[in-house]
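Take a look at the structure below.

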Amino acid sequence: LHSQQYFWQITLRMNEDLKEMLESSKESLKLEAMKRVVGLIAKGKNASELFPAVVKNVANKNLELKKLVYVYLVRYAEEQQDLALLSISTFQRALKDPNQLIRASALRVLSSIRVPIIVPIMMLAIKEAASDLSPYVRKTAAHAIQKLYSLDADQKDHLIEVIEKLLKDKSTLVAGSVVMAFEEVCPDRIDLIHRNYRKLCNLLMDVEEWGQVVIISMLTRYARTQFISPWKEVGSSDEKAFYESDEEKRKSAEETKPYAMDPDHRLLLRSTKPLLQSRNTAVVMSVAQLYWHLAPKHEVNIITKSLVRLLRSHREVQYIVLQNIATMSIQRKGMFEPFMKSFYVRSTDATHIKTLKLEILTNLANEANISTVLREFQTYVKSQDKAFAAATIQAIGRCATNISEITDTCLNGLVLLLSNRDETVVAESVVVIRKLLQTQPSEHSDIIKHMAKLFDNITVPMARASILWLIGEYCEHVPKIAPDVLRKMAKTFHNEEDIVKLQTVSLAAKLYLTNSKQTKLLTQYILNLGKYDQNYDIRDRTRFIRQLIVPSERGGALSKYARRILLAPKPAPVLQSAFKDRDRFQLGTLSHTLNSKATGYLELSDWPPMAPDQSVRNVEVAEAVSRSTLAFDSDEGPKNGHSCEAGSRSGSGSGSSEESSSEASESDSESSSDSDSGTEQKKQSEAKPAQKVHVKPFLSCKLWCSVLAPSQVEEKPKKEVSLLDLDDFSPAAVTMTKSSILSPSVLSDLHGLSLAASSPAIQVCVSPVFVPVHTYELLHRMTGKGLAAQYHFSRQPCIYDDRMISVQLTFSNNGDHTLENIHISEKTSAGQNIHCFSPIECLEPEKSVTVSMGVDFNDSTQAASFQLCTKAEGFNVSIQPAVGELLLPVTMSEQDFSKEQGKLQGMNESSATIAMTPESITSQPLHRKVVNMANVGVVPSGQNNVHRFAAKLVSSGALVLVCVVQKDSGAQLTVNTEKTIIGSMLLRELQTVLSQGS
Amino acid sequence: MIHSLFLVNATGDIFLEKHWKSAVSRSVCDYFFEAQERATEPENVPPVIPTPHHYLISVFRHRIFFVAVIQSEVPPLFVIEFLHRVVDTFQDYFGVCTEAAIKDNVVVVYELLEEMLDNGFPLATESNILKELIKPPTILRTVVNTITGSTNVGEQLPTGQLSVVPWRRTGVKYTNNEAYFDVVEEIDAIIDKSGSTVTAEIQGVIDACVKLTGMPDLTLSFMNPRLLDDVSFHPCVRFKRWEAERILSFIPPDGNFRLLSYHVSSQNLVAIPVYVKHNITFREGSSQGRFDLTLGPKQTMGKVVESVLVSSRLPRVVLNANLSPSQGTYTFDPVTKLLTWDVGKINPQKLPSLKGSMSLQAGASKPDENPTINIQFKIPQMAVSGLKVNRLDMYGEKYKPFKGIKYMTMAGKFQVRT
């Protein structure tokens, strides 16, 4: 109510008043005064002379007053550095306040007052806040990093340490802010991201929307340096250093392997996709640009709908989105063609929106839709907005050159426009016609004649000049009219605009060369007029032309070539989009919008030719979580265990494995009280302390994922800490623990660190030990009438479903015609889930393409059959899995192995003795034979003659343990698994493999 | 990121400035004013303007330009989206977002801006969190505050800021528990001269007003979820559940919010609920033009078309219009040439019409384009796409809430080319 006064009563006396009020003892007066001061600041008035009076109130109890003082401080501290120092101690004290809001706001203000002298204090405060219990304070610390960096860039190294630490933070609140700091301070330190990459991907969904934008754009850059291009033509023999850890020999075999996407690359694409549904337009745009820059070409289409949806948003949003669509539509017409109608212009659109829509429509025009587009353009040409009408004419010109079928129609249409009443429309038409005619002049002499006739009525200089140029250029096609036009021009020469005069001179020169009989005198007259023109350009040109065509005695070396100079055939202008080269900038950036490099623009690098080591993103398990101590219910145990694992495996890798079990459990028990699900779980466990409790697998997954920063382990975390850490990790979350079933006793036991050491770890490996190159035939090219298909087990965890096995299909077209729409139509086999690959639109002859699909074989070797269809035909095919492919390798210690083996005795064990050739006695070939045959993990062994391998079944998650004990001339082979059928099959296969000579 | 913010009114005065880093001189806005001058209409001012040292990104709403000053590369949509959020927040706090309202509440505005950005990076933009930090001004509170000296500023960190559901505050209590959902669909269409549809699509939103005690967990299911082609959600909606079951499952924010916006797949034919018969002619050489417009209902499924408003920008040569409406009132602004006709309800028995003559500038040639006609209308109790909510269930709380669902169809950008 008083505020209107703030704006008007700004006098010196006023400032005196304010000073008095600020120094009074009454709180309400102080507050009133501060409000007025803020009013002054808002108005942009200088209130700096009140600084001493204001700064005294910095320690005031009243929160609103304090906040307003902060506002003031941040605004003026830079100018009054010495006085500002008075307030520092208050903030230092507040940094220790038990209330996190106060700690955070103290840090905020402390870091915002740009006084170089307090840099050390700031540094200290940031370091301390970075390990604060409250994620909110840690977030503030992340913000403070950037502030300190902009104040003193020398602190960079220290700040990077803090960033490194905060990057490890598991709180969704911190993630966005710290990545922002990373981008600002050290965007080139990509090595800091490696180990947090998977965590960031997994957290992304739950990060606040602004953080999402920042993280996505950082990850886009990261991915471009770390993964190889998914855009390569299949079959190109690029080196793929995928399994570098393997031997050289295998690597060479690898090279011929088709492109397989790095699972981390896939993880990024998968975890960003749901964000296309965000209500925040910036998030949608950033996901769109991520897909554009990173996704395989056939997956980019999913962003189309979302981008088109953004067009319903505010005008400014439309502007940016349309710009990006314009760039995309040049390269990928097909993406937006189905949505062409969304780009139709409405009379109420702002001019820049209209032009962009026009641009896109022009880009999208092709033979099929051109008639619709042109009909639409016809209405635009008549628009009251003449600038827009002129732009439309240019667009028509572009369509006409791009699509040769309609050039004539467009030309005729444009000629009709020449009789339009509006000058700009006519002028633009003339210019466009000139450009079009240049492509095929001989056929259109009638149009040139028509234009010559219209010449008298056209007044726009550019148009007149264009017509003159046309007549001059093609004077041989209109031999009768040209001299007449020149005659008219000679009459009006002195009234014309410069540009028209210049063209008149050229016309005269050209006519003189081709038809000197009729035009000699006219030309000389015009050259004389030009010689005395006011404009020096015209005088120059006249002089030059005169020398060229009517040489004096001395000169004339050039005049021999006059004809060749003036009447040289000129290449037709290329009409192209203004967005042609915009894609050199990352989409969605300011630089892209401006089409010039903005300050601080970070270049998107090209794909590396060779994939950098992917293992850098692995996070080792320091101490993994206990399994054996956790009680298994014998019936349901494996089942549950499986689904938990399923969730965890898809998070493949995960950042969570670093924590010790104690941390995990602590966060468990602490945090559970705050999430709905957690509560349930805790209640349960409290209610039946003695009983073994099943936790819903996904729940426990969540619990296990919740991790505290190591620094907080020792203290009992406060409530708010755990709150966030328990954020709804999607079921595809991060841990790799086998256990999903926690007994309450374990929950409490795990508080002690001691348990962790003895707890065995069973962990699913991300990458297989070995990938055989053997491919199986799915469809022979004779049966497939040209289409051949092969399949191959990639031994990667399947990206579609964790129960599935990923199978790579390679299609090649050996026929002589293009195959269209290759897809799976019918899954004929019952009980098997198949995740089909997305249909292949077309496959040209001699080309091949690789896709991956997922099949859930239900842990049986029964073939999965389905119908493979092309546009024309369908073929029944089936995929027969080898028993060794139904497994996923797990790693475990020798101890755990024996422990597990002990549980799987009796019926679950099958064994055989095999005779082995002496040369295969050394462990290496034996290992290789086993891993070649089955996808198992090698268990490190202390004895030379005992080899152990462990794996689990993909679908059910049951453990499969293989043990080979070598003796003098043979070996004892044991397979332990509860799936006895699989066990015996595996045994048989291994037997044959091992008994063969190497 | 965002360095400073300037608010500029329609006359080109800066009436508020806020800096999040070192102060930037307001002279930077001169570049903006230049662009403003060049653009004839305020809508035509380009949203991104480069200057030698800064970049200006602006949005124009409620006749105010919100000009953000940027110093280095940032996704422009990030800034634009944020500025729109600022406007929405102001509107939420003060009811309207006008120059007067902002000037009246300059302290609250400043406190809000301070909370929304830290060092130029968005901090708290969720309205529920902000409202706990800074209480919206009400007349009662202003009076109480002046008497008691208490403040608008919250003392505790809002729980929402840290919780798993940042959009909802804890400890919500109501005596009447109610949840209302409005399904509002807008038809965007371009109708050509002959009355056939050039393009038509349906965009819909579900706006909710939820006043429920505690932490309710709601699920909303549709009879025909397949209709929804492309959707965007409030962050509260569980995406996985939607993907799998096509059910909206969410813990709602407190108060008003937009649950969902959707696009109805373009395969479905869109029913156009009104038709326009028009005859607008300008004769060559005469200083008179004829104007004849009749509206009628079409495919309305028996519902009444209400709040019909027709507007059209007539060609520049029209000096004045002398028309007579069969119902409602019309106005013609001779300066902007904007004709608006407030029709009201369409009675199918007696179709509304607007007839008369236009006087044209003497000697001017006949305009080559007829004006386009923009139509606004509302049809209550109908969702034109046929979308139907099946049921709403609540879990997690004991009481029985009062539930209500309302349907409405409106014209979005509905244009008739003549």
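Start with the charged pairs. Across the interface of chain A and chain B, the rule finds 11 salt bridges. A salt bridge here is a side-chain nitrogen of Lys or Arg within 4 Å of a carboxyl oxygen of Asp or Glu. Find A:Lys147 and B:Asp118: their side chains meet in a salt bridge, at 2.9 Å from N to O.

A word on the source. This is a predicted model, in which local features need pLDDT of at least 70 and side-chain atom pairs count only at pLDDT 80 or more, while totals for chains, interfaces and linings use all residues. Residues are numbered from 1 along each chain as its sequence is written, chains are lettered from A and ligands numbered from 1 in the order in which they are written, and side-chain values use heavy atoms, with hydrogens and water left out.

Back to the interface. The rule also finds 39 residue pairs in polar contact between chain A and chain B, both residues at pLDDT 80 or more. A polar contact is a pair of N or O atoms within 3.5 Å; within protein, one must be able to donate a hydrogen and the other to accept it, and residues adjacent in sequence count only if both atoms are side-chain atoms.

How many residues take part in the contact? Chain A gives 105 residues and chain B gives 100. Contact means heavy atoms within 4.5 Å. The area buried between the two chains is about 8900 Å², and carbon and sulfur atoms give 55% of this. Buried area is the accessible area (1.4 Å probe) that two parts lose on being put together, summed over both.

Now turn to the sheets of chain B. Strands are DSSP runs of E, at least two residues long, numbered from the N terminus. Two strands pair if DSSP finds at least two bridges between them.

One open sheet has five strands in the order β2-β1-β5-β4-β3, with antiparallel pairing. Its edge strands are β2 (14-19) and β3 (48-50), each pairing on one side only. Strand β1 (residues 2-9) and strand β5 (residues 64-70) run antiparallel, joined by seven bridges. In β5, B:Ile70 is the bridge partner of B:Ile2.

Another open sheet has four strands, ordered β14-β15-β20-β17, again with antiparallel pairing. Strands β14 (274-282) and β17 (318-325) stand at the edges with a single partner strand each, so one side of each is left without a neighbour in the sheet. Between β15 (residues 288-297) and β20 (residues 353-360) there are seven bridges, in the antiparallel sense. B:Gly289 has B:Met358 in β20 as its bridge partner.
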